[in-house]
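Reader: I would like to know how the labels used for a structure follow from its values. Please take me through them one at a time.

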Amino acid sequence: MTIVLLGYMASGKSSVSKLLGQELKLPVIDLDIYIEKKEKLSIREIFVSKGEIYFRMKEHQYLKEILETKEATIISLGGGTPCYANNMKLIHEYTEHTFYLQTSIPEIINRVKDEKSQRPLISAITDEDLPEFIGKHLFERNTFYQEATHTVFTDKKEIKELVEEIKAILN
Ligand code: S3P
């Protein structure tokens, strides 16, 4: 069984996938980490030195590579993965277990405001402009995120609770 977790930056994809992997005894692949290892550069460095289009091409290529192994895995996507290169269509060809970790705009702002520098897409946005940027960005991405088979709301929930919710849906 392959499980795919998606959602905006800071929606908890990486933390949830780690715990879910432990509980279901499945290997976990964090797509961002996979890309960093393959490219021998951090995501931030890839954005700075090669640009976002290069990053999106590699993101698609490595996602395909992971899915094609057809091994039971939990894959934690990057926040933008569902929105480019027909990636959701590709994912649906391999699994029906896709989960959108939905987080509200205020909650996202809260979670990312002190770590903007590590996130290339928002590092140049001022704190003042952040709510509008994230609001618009989520609006644009929503159609892609909604293509997930299941939606789990993350606001005010512990990682453990989210994992339990996902397990209940899978059963
Ligand atoms: C991105 C989210 C990041 C990373 C890259 C682009 C996005 O992943 O893939 O910086 O487009 O939202 P996380 O959602 O894991 O932060």
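Reader: Which residues of α2 and α3 meet?

Author: The model is a predicted one. In it, D32, I35, E36 and E39 of α2 meet I43, I46 and K50 of α3. Contact here requires heavy atoms within 4.5 Å. By class, the residues of this contact are three nonpolar, no polar and four charged.

Reader: What makes α2 and α4 roughly perpendicular?

Author: The axes of α2 and helix α4, residues 52-68, cross at roughly 105° and come within 10 Å. The range for roughly perpendicular is 65 to 115 degrees. The crossing angle of roughly 105° falls in that range, and α2 and α4 are therefore roughly perpendicular to each other.

Reader: Which residues make the contact of α2 with α4?

Author: From α2 come L31, D32, Y34, I35, K38 and E39. From α4 come Y54, F55, K58, E59, Y62, L63, E65 and I66. The residues of this contact divide into eight nonpolar, no polar and six charged.

Reader: Why is K38 called partly exposed?

Author: K38, which lies in helix α2, has a relative accessible area of 40%. Buried means under 20% and exposed means over 50%, with partly exposed in between. The 40% of K38 lies between those limits, so K38 is partly exposed.

Reader: What does K38 touch, leaving aside its neighbours within four places in sequence?

Author: With those neighbours left aside, K38 is in contact with Y62 and E65. As for K58, its C-alpha atom is separated from that of K38 by 9.5 Å, and the two residues are 20 apart along the chain.

Reader: How many cavities of 30 Å³ or more does the structure hold?

Author: The structure holds one cavity of 30 Å³ or more. The largest cavity has a volume of about 30 Å³.

Reader: Which residues line the largest cavity?

Author: The lining is made up of T2, I66, L67, T69, K70, E71, T73 and I75. By class, it has three nonpolar, three polar and two charged residues.

Key. Residues numbered from 1 in each chain as written. Predicted model: local features only at pLDDT ≥ 70, side-chain atom pairs only at ≥ 80, totals over all residues. Heavy atoms only, no water. 1 Å grid on protein atoms, 1.4 Å probe; cavity = no way out; pocket = protein on both sides within 12 Å on 5 of 7 lines; lining within 4 Å. Points joined across faces, edges and corners; volume = space filled by probe spheres on them. Nonpolar A, V, L, I, M, F, W, Y, C, P; charged D, E, K, R; others polar. Helix = DSSP H or I, 4+ residues; strand = E, 2+ residues; numbered from the N terminus. Buried < 20%, exposed > 50% of the residue type's maximum accessible area, 1.4 Å probe, protein only. Axes fitted to C-alpha atoms, helices over the stretch in contact; angles between N-to-C directions. Parallel < 35°, antiparallel > 145°, perpendicular 65-115°, else oblique.
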